Amino acid sequence: MIPQDFIDQLLSRVDIVDVVDRYVPLKKGGQNYLACCPFHKEKSPSFTVSPSKQFYHCFGCGAHGSAIGFVMEYQGIGFIDAVKLLAEGIGMQVPNERSVNPEASRKAREKQVSLEQLMQQASDFYRRELKGAANAVAYCKGRGLSGEIAARFGLGYAPDGWQNLEAAVQNYQDDKLVEAGLVIVAEDSGRRYDRFRDRLMFPIRNQRGAIVGFGGRVLGKGEPKYLNSPETPLFEKGRELYGLYEARQAIRDKNRVLVVEGYMDVVALAQYGISYAVATLGTATTGEHVRKLLKHADQVYFCFDGDAAGQKAAWRALENSLPQLVDGKSLNFLFLPTEHDPDSYVREFGADAFEELLTQHSLPLSVYFTRELCRGVNLSTPEGQAELIRVATPLLAQIVAPAFGYMIRKRLAEMAGVDVDELDMLTGGKAKPQRERGGRGGKREYRLPAESQRPLNATMVKKLIKWLLMNPEWAADVQLPDSLALSDELACFAMLAERVLEHGESPNTAQLIEGLRGTPYEGLIDSVLQQAMQDPDEFSDPGADDRQLFQDGNARLLKMLHAEQLERLKQKDRHEGLTPEEKVLMGQLLREMFSPPS
């Protein structure tokens, strides 16, 4: 893990304008710099780079981040590689907290490089063998694949036989061949043999284009039909997607990515001009897969067979997608006729028919979600409505996208015959305060002041978070009660203010956001930026009136929190009684609530 103080130093020394301008020519536009976005097609520039905030944002597709984030997105590389690339450009040496021994760190890097080299050597061998393999060539031609497509995806052939790779590598006894998943050692005899034999080979590349694994399709009768590389130091099935490296440009052009189940589906679709398809690697769609896909496109389509196995895989993909959902991006599910997979459908009906089916007949996640939850449930009875709420509860808890989450809850509440607040209460969320009976048949109502709402206005807190992200120097205006445990958006807001104040000199926006990478608040921050930064004025330097609005918002938030504390103490006093400390706190809050404004 790279120390945070190094990230801060790096971002204080690189200029995002210079970094972006190396890849995308920028033009001055007022206080900021403009360009056509490199991440989606557009005719007029909506991509803005702020030198004061050291931050970029596209008002067309929503892409945003620091200089590090830009290099990651543009180059298709990971965080550490992006940091190293930027650091090398200004002569900074990247430290590594995980390794106090520089020699061990150097050896680990050398090992990774050597494993990647072995994978490349194996791929080169398989590609050479394909040219002379009549059965493999015939199979490819029978599936309608051209030599151009085969070359684009680096298709190869692993010959029949036990130790063919011996001719491709310098030392067949090298343990790295086993570690890379290319060679297996028999437990009984210790004899080595190739993992892939008599199979059409599909190399799997990471986002840098390095080969990290293979998928091999059997050419005759044999099991398994598809054989994948095992988990290795290079390859983790739950993180990689077949074809993503090759599809990057097409995904950007269409702002759409299609997830299919097989390697051949990806290649066959590309043969017919549908080049934005990727495949999971013999495993269910994971949350990491979805997170990665949503960074590449606003529209994600999952394509499954219509049989029971396809339905099961689709529901698993939906479950793993819920925590990754972002407002403004869409997930859709297409179920093909039972006699077809994407390969056979596009070959029989053509690309236009397939894309029409995809765009016109896919189910939005919201529709598929509610349809499946209601399957087999009799919503005309209280029992059925209660069952709907029961099965929905754990799934709703996973949705963090605020607008989408609200709309789903609203739809389910209608189907269950309750309102949204009642649904929130029944599923473990917050409900509106209820009237309490008291006195001689009368009613007493405990509620917050008229200008506030319960639960605390999350939209207002997110706006304060956004203001603080864009203007970290305003952290001194933040006041939150010490005696109240904070969670969710409030905890994030408090943590941001603390980080700024602990930083010494005020960090810029890029430094503040990069300091949250990998924390539990990363998703919330990204959501806040996606939702809030729809106005180009956000990139203008704020004036005194803006600062006053932030201060007023903080004052109102503090008053709301104090009112909520007071309400809780009143409730406890009526039911359980207060401790001496709580009585003191209650007195303080009452004095604050009823004292005239200063």
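What is the order of the five strands in the open sheet, and is their pairing parallel or antiparallel? In this predicted model, the order is E1-E2-E3-E4-E5 and the pairing is antiparallel. The chain as a whole comprises 24 helices and 18 strands.

**Overall composition**
- Of the 598 residues in the chain, 50% are buried.
- The accessible surface amounts to about 29200 Å², and carbon and sulfur atoms account for 48% of that area.
- Where contacts link residues at least 6 apart in sequence, 67% of them join residues at least 24 apart.

- Strand E4 (residues 55–58) runs antiparallel to E5 and is joined to it by two bridges.
- Gly65 in E5 is the bridge partner of Tyr56.
- Helix H2 (residues 16–23) packs on this sheet and touches strand E2 (32–35), strand E3 (47–50), E4 and E5. The direction of H2 makes about 145° with that of E3.

**Nonpolar cores**
- The largest nonpolar core contains 104 residues, and the members touching the most others are Tyr126, Leu182, Tyr242, Leu258, Phe333, Phe369 and Leu412.
- Helix H5 (residues 102–131) gives the most to this core, contributing seven residues.
- Leaving aside residues up to four places away in sequence, Phe369 touches Trp315, Leu318, Leu322, Leu395, Leu396, Ile408 and Leu412.
- A second, separate core has 34 residues, including Leu10, Val14, Phe39 and Ile77.
- In soluble globular proteins, nonpolar side chains tend to be buried together.

Definitions and conventions: Residues are numbered from 1 along each chain as its sequence is written. This is a predicted model: local features need pLDDT of at least 70, side-chain atom pairs count only at pLDDT 80 or more; totals for chains, interfaces and linings use all residues. Side-chain values use heavy atoms; hydrogens and water are left out. Helices (H or I, at least four residues) and strands (E, at least two) are DSSP runs, numbered from the N terminus. Buried means under 20% relative accessible area, exposed over 50%, partly exposed in between (1.4 Å probe, protein chains only). Contact means heavy atoms within 4.5 Å. Accessible areas come from the Shrake-Rupley method with a 1.4 Å probe; for residues, only the protein chains shown count as cover. Two strands pair if DSSP finds at least two bridges between them. Axes are lines fitted to C-alpha atoms, for helices over the stretch in contact, and angles run from 0 to 180 degrees between N-to-C directions. A nonpolar core is a set of buried Ala, Val, Leu, Ile, Met, Phe, Trp, Tyr and Cys residues joined through side-chain atoms within 4.5 Å.
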